[in-house]
Amino acid sequence: MGKRNKWRKSMVLALALAGGLLFNTVQPIEAHAEETSQHMIDKKAKIDAEVKNLEKELDQLQQEIDQKVKVFNQVQADIKEVDAGIVETEKRIEQRSTILSERMAAYQAQDNTVGVYLSVVLESKSFADLMDRVVAVKTLMDADQELVNQQEADKAKLEEQKATLDEKQKELQKQFQELQQKESEMEVKKAENQAKSLALKAQIATKQEEERLEAERKAAEEEAARLRALQAATPVVHVNNNNNNTNTSGKNNGGSKPQPIIVGSGSGTASSGDAISTAKQFLGRSYVWGGSNPTTGFDCSGLVQWSYKQAGVSLPRTASQQYLSTKRISASEARVGDLVFFSYGSGVAHVGIYLGNNTMIDAQNKGVVIESLDWWNQYLVGFGRIQ
């Protein structure tokens, strides 16, 4: 009986010790699990906040672009209003010119103004008739003088309107260039922030998701690197405004005469011919920032992308991306249907379709036009061939 009691006491003591050890072991594990879980929650919240900040950066840039678009659209509207005013002024001037020409012919037939009055005096039948005729002639001549005064006023107004139009067009060109450069900046920022966002998300992803996000991050970083490098792209020629000649060094060495760019005019492919035919359908259409189809209208890269899409050729959306997706060729190698790219000092910002004979079709601040490269050569970056 004594041995059994002793054995029971030993078992109770052992169980008590085991229970205490188990309790002391489980409690830290549970506490650690709770701590790890809270750490992950905090980490996710922090990463979500950082991703949101990246999105805010892009939103801010987009707001800046949207504001510039509003200014651009307002200047376009101002130009239309001034244009309409010029048309009306020119119409009034033309109508008065016809009337004044007829009056002048009538006076010349009478030799001079005195002849007109003399004719009135000689043909009058009475003093009352004479006075009536004199008043009538004077009224007519006063009216003619008023027409002359109005004509001179409208001619002066026309000069003012044309000066205003010139200033508005310069302003539109400036806004056009700033918008295109902002788009280039936005492309780089999007790619950079996309890579940063993917790297952040990978920190709280599962192993499988982490591998996918890592692959996407690398692709985004490569895209950002290409676009950043393209930001260094600057015009490679210099235009001498006196003779429209150019110098590929961008400098006039010792006052030597700049050499003109020799641009090729080789024949294009069937697809480039189809793309050009499509683009020509929209000649005269107004420029629309961000426009990429006939419904919305076109910006420069939108016109290029849409036109080639109808010819069965897929191109990226922006001028920078189109530059990166085409093969670099020299100006002398250029042929009809190649793309021609321009920069205002920081990155590729404008694109057109080369038509040969130093001309291109493009969507610019004046709308979809066919124009010479002479003025654009000061911004020329190079030519690209669709592969």
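The protein has seven helices and 10 strands, where helices (H or I, at least four residues) and strands (E, at least two) are DSSP runs numbered from the N terminus. The structure is a predicted model, in which local features need pLDDT of at least 70, side-chain atom pairs count only at pLDDT 80 or more, and totals for chains, interfaces and linings use all residues. Residues are numbered from 1 along each chain as its sequence is written, and side-chain values use heavy atoms, with hydrogens and water left out.

**Overall fold**

- Of the 387 residues, 37% count as buried; buried means under 20% relative accessible area, exposed over 50% and partly exposed in between, with a 1.4 Å probe and protein chains only.
- Among contacts with a separation of 6 or more, 67% join residues 24 or more positions apart; contact means heavy atoms within 4.5 Å.

**Helices H5 and H6**

- Helix H5 (residues 270-280) packs with helix H6 (residues 300-310) at an angle of about 125°, and their axes are 7 Å apart.
- Axes are lines fitted to C-alpha atoms, for helices over the stretch in contact, and angles run from 0 to 180 degrees between N-to-C directions.
- H5 and H6 are therefore oblique to each other; angles under 35 degrees count as roughly parallel, over 145 as roughly antiparallel, 65 to 115 as roughly perpendicular and the rest as oblique.
- On the H5 side, Ser-271, Ser-272, Ala-275, Thr-278 and Ala-279 meet Leu-303, Trp-306, Ser-307, Tyr-308 and Gln-310 of H6.
- The residues of this contact of H5 with H6 comprise five nonpolar, five polar and no charged; Ala, Val, Leu, Ile, Met, Phe, Trp, Tyr, Cys and Pro count as nonpolar, Asp, Glu, Lys and Arg as charged, and the others, Gly among them, as polar.

**Nonpolar cores**

- The largest nonpolar core has 59 residues, and those with the most contacts inside it are Tyr-308, Leu-339, Phe-342, Ile-353 and Phe-383.
- Such a core is a set of buried Ala, Val, Leu, Ile, Met, Phe, Trp, Tyr and Cys residues joined through side-chain atoms within 4.5 Å.
- Helix H1 (residues 2-109) supplies the largest share of this core, 10 residues.
- Beyond four places in sequence, the residues that Tyr-308 touches include Val-313, Leu-315, Gly-337, Leu-339, Ile-353 and Ile-386.

**Gly-384**

- Gly-384 lies in strand S10 (residues 380-385) and is buried, with a relative accessible area of 0%.
- Leaving aside neighbours within four places in sequence, Gly-384 is in contact with Thr-326, Lys-327, Arg-328, Ile-329, Asp-338, Leu-339 and Phe-341.
- The C-alpha atoms of Gly-384 and Tyr-354 are separated by 9.8 Å, the two residues being 30 residues apart along the chain.
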